[in-house]
Amino acid sequence: IPEDLLSMCATVIVSQQYNSASEPNVSLTISSRHFSLNACLAPVCSVHHMAVTTVEGIGSTDTQLHPVQERISKAHGSQCGFCTPGIVMSMYALVRNNLEPTIADIEDTLQGNLCRCTGYRPILEGYRTFTRVSLADDFNCNSFTNSPLLKALTQLFESLTFKPLVPTQEPDFPPELLLFDELPQKTLLFKGERVTWIQPYSLDKLLSLKARYPEARLVVGNTEVGIEMKFKNQVYPVILAPAHIPELRFSRHTDTGILFGAACTLTYMERVLRRTVAELPAWRTEVFKAVLEQLRWFAGQQIRNVAAVGGNIMTASPISDLNPVFMASCCSVTLASTALYIPFFFLKGEYFSAFKQAQRREDDIAIVNCGMRVAFKEGSDIVEELSLSYGGMAATTISAEKTSQQLAGKKWNEKLLHEALPLLVADLPLSPSAPGGMVQFRRTLTLSFFFKFYLTVLQKLAKDLKNNVVTLSLHYYPPISLLNIPINSEVPPGQDPADVVGRPLAHLSAAKQATGEAVYCDDMPHFEKELYLTLVTSAKAHARIISVDTDEALKMAGVVCFISSKDIPGSNQIKIIKSDETVFADREVTCVGHIIGAVVADTQHHAQMAAKAIKVTYEELKPIITIQARALITKLQNSQFGTSHNAHHAMLLTILTVLWFGIGEIHVGGQEHFYLETHCTVAVPKGEDGEMELFVSTQAPSNTQLLVAEALGVPSNRIVCRVKRLGGGFGGKESRSTLLALAVAVAAYKTKCPVRCMLNRDEDMLVTGGRHPFLGHYKVGFKDNGTIAALDVTCYCNAGNTFDLSPSVLERSLFHLDNSYMIPNFRGIGYLCKTNLASNTAFRGFGAPQGMIIAECWMNDIIMKCGLPAEQVRHLNLYQEGDTTHFNQRLDELSIGKCWEECLRNSHYHSRRKAVDEFNRQHRWKKRGLAIIPTKFGVSFGASFLNQAGALVLIYTDGSVLVTHGGTEMGQGLHTKMVQVASRVLGIPVCKIHISETSTNTVPNTSPTAASVSSDLNGMAIYNACQTLLERLKPFKEANPHGTWENWVNAAYMNTVSLSAVGFHRTPDLNYNWETNSGQAYNYFSYGVATSEVEIDCLTGDHKNLRTDIVMDVGTSLNPALDIGQVEGAFVQGLGLFTIEELRYSPDGVLYTRGPGTYKIPGFGDIPAELNVSLLRDSVNSKAIYSSKVTTFCISLLCPEGYCI
């Protein structure tokens, strides 16, 4: 499987599935079975004669939610909601087949689903209520029912109110489809514009069709061809679909093994093998167990449900999960009947193992995998036969034949091991330029896998031959049985039950997101005469444009026009901080993905095909890709700065040389936002006065409005930008969303028609940039007890091809180079580096994580050189109340010390430290690490003018209230918190308050929803507006103290009192001056501490986070459920940054990792087995709405994985 598809396209199909009978013979039974698959890979003709159910078909907010929908929404498992329908349908398929699933069943089912927001914990926690396992069972505690942990958990959602599963209320299989098998079988033919789909009814018919169409592709699950056609623009004129041919859909037990038809799905094969393993002696099923182990990590459940075993063999992928197992175990393929035979092992003394290493534990392609089989002479440890097959080491699966031959006849001992390793090195060469890279790692894995096989067999031989051999401790990670038990701040005693502030109110859109009713930008109904746009982007990193040939494209069906810089009526310049970017490239391109123009056509398909036909001629120029090959385009003005205790540079150097000191550097790689909803814009020209309405997936509607107005040459009051909700943002839609919005707006202006565009995932990753890579050089001076004395740091930031927001990102990173540590003498310098990559941009933390990572790197050097416990040195250097930062801001209401102590206590750090040390003494090839990391994050925009917000509150005569503010909802629950604020101020229930959208014609000049400040700014603006309205209603409340809200509102209306009010708020006293290093840079700081325990396999690098404990100071939480969700989501995003997410470029600046097949974000199986998040109790904040604090974006640093390892 070359790509793993995203979760939001999952659907459920109820199909009549062929299943083998319980007896091991050819008899077949037919039964209905429910299974999930990826809708984006399922052509409608492939589901002929099947019952298809989508998320809309199982429940709705108008009728009732299905229990699967209810539990994910009420358990806070839906944030942005874009992935929620897919997760719902995967779970729905499971409970339709199994009313009482286990935790392991749930994990396996959700393997193929991805979520970028939640951190997965609330999803699993909501769905674990379907299992029979109780929390008390998990904790082995009879009195757990009365424990404070359970009390804290039940504060987040009431599981006792969940609707039960009632199988009798589920839709029945359509009776008309039951007649399918009684009808005469015939070949089905579906003919489209480009493709003919033929579904034969028999093997003979299939063979005759293949003879007639020799180039036709055979498709069962469409998991390979579907990706090539949908995402790689491949065209196959004829497709043969043998999925329903009985001769290819069977399994048969024989005396020597099991025979599977080539069209049997992997899920079906898994069920058969699992049943057989349970029935036969262990020594006879070595191969079956190896196949099952590989299937566990093979893609996701949706893929396995439709992918056929024959297709997996015939694709001959170099990283096939199964082919090395099949080859090493001497499986055979019968081409005449297209069946796979998997043999038993009859004799004792035969052993088989399979191994796989991938970036992500689940649903990921292998870096290297293998199948290994050894047979010994009876009653001895002498090798009679050896088979070693590897994937990922050649263009197809390869066998280490010479190694196998030369080891035959030798004893299975250490001497054999020493002989085997150099033989394998020679047998499995790999060119330094091999596709996929990681050449040295891959070659190392081949040896490590053999070593693991050697140890495994040695252990089994010791048991079978009764020898005294040191046994091997093989550790398999169990399902996630202990999930998050969050300890959150409780509402104050005596708080009115009707007051929802501080209570875990579910996300107001969660139910709509779980039912598929939530409307995202591309869900909007199509307008009359609507056109579709596809971008034409540069294939070169740096080049002059010689010509753009559009002739062929303009002749293609449905094409309306090609637009470029010549079609812009206003300005082609884009100014975020500096005017160094254009709407369309003009004469020169400066990165791969630079937008040259766009094709506008009547359909998405026609636009995409025409865009491929555009021919661009370049004169190539030398590109600069990395920081190391940097070209400095700016040096921050007065970037040398320090605290009030800072020494002159010469004195700083003296301090660094007379004390203990460390010198080092660290490179921090980039990161892709991977919001599940890619960039999308719909532009609708109004036909008069240059007016245009834009529906955009953006965090910055006002900025989009301004730039579109400039491009079209009209005033901003002619442009309205609307945002209903975003399917995730994380900073990636703050400024880069304007690239697409501008192109679509220009197209709509030129054609006078509505125009729509939603980027594909690979387009989005290519064009929009991500987190800034950083290079940090440092010198740190310290005392022998670990106390920091001085620090000198120089940072280099890879800005990409334009400024964008990079200066502000670099500034914030410089402000956070201290992390949470007091540094008496400090100097920090930052440089922006212009490179020929897509411009990097805002990302969760906005430069702070990079600065903090550099800080933890030099802190780690101090710890290593002092030889003292890490937690001791870190604690020794923590800021204290009243300390001053290196940018001369005094720290008041400091809570980092309280967070530290509570984290140590909650995590049982010191006792676990001893346990980790003991584990490491007893294990040679597996090691554990334990680390504790603090964080401090400054809250406010770096540009002081952005720290403002407006709100509009309207009260209608029926008592309902409409609130509009400047923030956008992208899953963080901002609208929910704002409704809670308005509810408290006005003293009315949440059900009377509604937020519809964010739009520039209701609240103007809004700041982007970014920098973690939106609830502070917009909350105070709403508070201000509501207070104005309360003052106006005060006389009517006093005149009728026993009246209702509706009475007072109607009285005010009848007395001609305005029932609308504008609110405004600005953050005071933000006046930092870079020249004097004085003034206040931030309104306040948020603090947090995390500890993680990680286990690593020293042979392969595979690792697992066993437990993480986080304590976060969010002040008096406005909504603890939403805040905990943000903490967990940011933590898992940080886990991805530090462990598996990696952007890879060619030397010519081409992004290799485009799409989920090559760029891996954490999945369900990557989260800690135990994840505990606590919100610090009794924390106050005098500078924000209701003493709350924002849930800071730099929680991504609270992932101590790297420091554990």
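In this predicted model, V68, Q69 and I72 in helix α1 meet T84, I87, V88, M91, Y92 and V95 in helix α2, where contact means heavy atoms within 4.5 Å. The residues of this contact divide into seven nonpolar, two polar and no charged. Helix α1 covers residues 67-74 and helix α2 residues 84-97, and their axes come within 9 Å and cross at roughly 135°. The two helices are therefore oblique to each other, since angles under 35 degrees count as roughly parallel, over 145 as roughly antiparallel, 65 to 115 as roughly perpendicular and the rest as oblique.

Between α1 and α2 runs a loop in which C80 is found, and C83 lies in the loop between these helices too. C80 is buried, with a relative accessible area of 5%, and C83 is buried with a value of 3%; buried means under 20% relative accessible area, exposed over 50%, and partly exposed in between, with a 1.4 Å probe and protein chains only.

Under "binding site", an unreviewed UniProt entry lists C80, C83, C115 and C117; such annotations may be inferred rather than shown by experiment. These residues span 38 residues in sequence, yet no two of their C-alpha atoms are more than 9.3 Å apart, so they gather at one spot. Leaving aside its neighbours within four places in sequence, C80 is in contact with C117, and also with Q513, Y520, L726, G727, G728, M970 and G971.

Residues are numbered from 1 along each chain as its sequence is written, and side-chain values use heavy atoms, with hydrogens and water left out. Local features need pLDDT of at least 70, side-chain atom pairs count only at pLDDT 80 or more, and totals for chains, interfaces and linings use all residues.

How values were computed. Axes fitted to C-alpha atoms, helices over the stretch in contact; angles between N-to-C directions. Helix = DSSP H or I, 4+ residues; strand = E, 2+ residues; numbered from the N terminus. Nonpolar A, V, L, I, M, F, W, Y, C, P; charged D, E, K, R; others polar.
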